[in-house]
Amino acid sequence: MLTTLSKAKLMMGIEAEDNSQDDELLPLIIVASTMIEEFCRRVFKLQTHISKVTGLPGKYIRLPQYPVHVITSISGPYGELTGVESLDSGILYRERGWPCEIRSITVTYQAGYVLPGDATDNNPSTLPETLEYACILMIKHLQREPGVQSERVGDISVSYSIAESDMPSAVKALIAPHIRPEM
């Protein structure tokens with residue numbers, strides 16, 4: 001989750017001791033976090049990824065998740081690849097170029113941020129504050145406009161529609177620098 005319950009409550013003006021809205025807020029935090037990750041086309045949690053990518057003519061390839069912290073292994077169709085340098089935004093550089101077969105390169109790597117809920121005194125959150133604030137704004141928006149598309153009273157039926165157009169422009173502006181470029 002891109003924020004914690006306590007931070008969301010603080011930013012929303014809810015007393016820390018007031019647990020009356022916790023059952024509503026926790027699912028909203030999950031939904032808002034998921035919407036932002038899907039919009040950005042990436043996962044923000046620090047974790048190990050295994051990605052199969054297609055090499056392109058040239059010296060650069062882009063991994064789907066970033067920031068990259070550790071590359072455990074990189075292999076191509078004929079074994080381990082060496083001479084690889086990790087650049088910004090998940091871009092890998094190799095002076096000798098890359099094998100160009102489809103999905104021929106397998107990269108095992110650790111990428112992402114320490115999320116607020118996973119932070120400790122020794123390992124503080126590294127998630128950009130703009131993402132956490134965007135999540136809180138999205139929660140507020142979902143509380144006001146939960147995306148109900150249609151309702152029926154007999155036998156109670158509700159359907160929800162959460163589309164990109166449902167995301168406030170302030171949230172889009174805050175997350176814009178974190179959107180993964182098309183691959």
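How many of the seven residues of strand E7 are buried? Six of them are, which leaves this strand (residues 105–111) mostly covered; buried means under 20% relative accessible area, with a 1.4 Å probe and protein chains only. Welcome to a predicted model, in which local features need pLDDT of at least 70, side-chain atom pairs count only at pLDDT 80 or more, and totals for chains, interfaces and linings use all residues. Residues are numbered from 1 along each chain as its sequence is written, and side-chain values use heavy atoms, leaving out hydrogens and water.

**The whole protein**
- The protein has four helices and nine strands, where helices (H or I, at least four residues) and strands (E, at least two) are DSSP runs numbered from the N terminus.
- Of its 183 residues, 38% are buried.

**Strand E7 and its partners**
- E7 pairs with strand E1 (residues 47–53) in the antiparallel sense over seven bridges; two strands pair if DSSP finds at least two bridges between them.
- Within that pairing, Val107 in E7 stands opposite Ser51.
- Strand E3 (residues 68–76) also runs antiparallel to E7, joined to E7 by six bridges.
- Ser75 has Thr106 in E7 as its bridge partner.

**Helix H3**
- The 16 residues of helix H3 (residues 129–144) should span 22 Å at 1.5 Å a residue, and the end C-alpha atoms are 23 Å apart, which agrees; the expected span is 1.5 Å times one less than the number of residues.
- The buried residues of H3 include Leu131, Cys135, Met138 and Leu142.
- The buried residues of H3 pack against helix H1 (5–11), helix H2 (22–40) and helix H4 (169–175), with contact meaning heavy atoms within 4.5 Å.

Conventions: Buried means under 20% relative accessible area, exposed over 50%, partly exposed in between (1.4 Å probe, protein chains only).
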